[in-house]
Amino acid sequence: MIESGKVTDPNWIENYLRPQFKKSIMHQALMAWPNFMRFSNTYEMYGFDYMIDEELNVWLIECNTAPIHSYSRKDKYFEILMRDMLKI
């Protein structure tokens, strides 16, 4: 994105994208609040799919209540995700 000239901020992911994702996820959570936290001794993982248009607007495509993960021992991000989820 920086090479193409669309983005000038080298920290655009942290400064622009992450806040947009957080805002969208919070909005989805508030809309679906009655369906959350049905049981206090369980947890759920949700998957959010987004698209970014040419003007760098973030669009929610779908929210999955049971995202599919292709696990392999070489997938360090999946291992980090599972470890962090269990810490919570």
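Trainee: Does Ser-24 count as buried or exposed?

Mentor: This is a predicted model, in which local features need pLDDT of at least 70 and side-chain atom pairs pLDDT 80 or more, while totals for chains, interfaces and linings use all residues. Residues are numbered from 1 along each chain as its sequence is written, and side-chain values use heavy atoms, without hydrogens or water. Buried means under 20% relative accessible area, exposed over 50%, and partly exposed in between (1.4 Å probe, protein chains only). Ser-24 has 16% relative accessibility, so Ser-24 counts as buried.

Trainee: In which helix does Ser-24 lie?

Mentor: Helices (H or I, at least four residues) and strands (E, at least two) are DSSP runs, numbered from the N terminus. Residues 12–31 form the helix that holds Ser-24, and this is helix α1.

Trainee: With which side chain does the side chain of Ser-24 make a polar contact?

Mentor: A polar contact is a pair of N or O atoms within 3.5 Å; within protein, one must be able to donate a hydrogen and the other to accept it, and residues adjacent in sequence count only if both atoms are side-chain atoms. Contact in general means heavy atoms within 4.5 Å, and Ser-24, leaving aside neighbours within four places in sequence, touches Tyr-50 and Leu-60 in that sense. The polar contact, at 2.9 Å, is with the side chain of Tyr-50.

Trainee: Which residue in the hairpin of β1 and β2 takes a positive phi?

Mentor: The hairpin has 5 residues between the strands. The positive phi, near 65°, belongs to Leu-56.

Trainee: How far apart in space are Gly-47 and Asn-64, C-alpha to C-alpha?

Mentor: Gly-47 lies in strand β1 and counts as buried at 13% relative accessibility. In sequence, Gly-47 and Asn-64 are 17 residues apart. Their C-alpha to C-alpha distance is 4.9 Å.

Trainee: What is the relative accessible area of Trp-59?

Mentor: Trp-59 is found in strand β2. Trp-59 is partly exposed, because its relative accessible area is 46%.

Trainee: What pattern does the chain follow along the sequence?

Mentor: The secondary structure comes to 2 helices and 2 strands. Of the 88 residues in the chain, 12% are buried. Read along the sequence, the pattern is α-β-β-α.

Notes:
Pairing = 2+ DSSP bridges.
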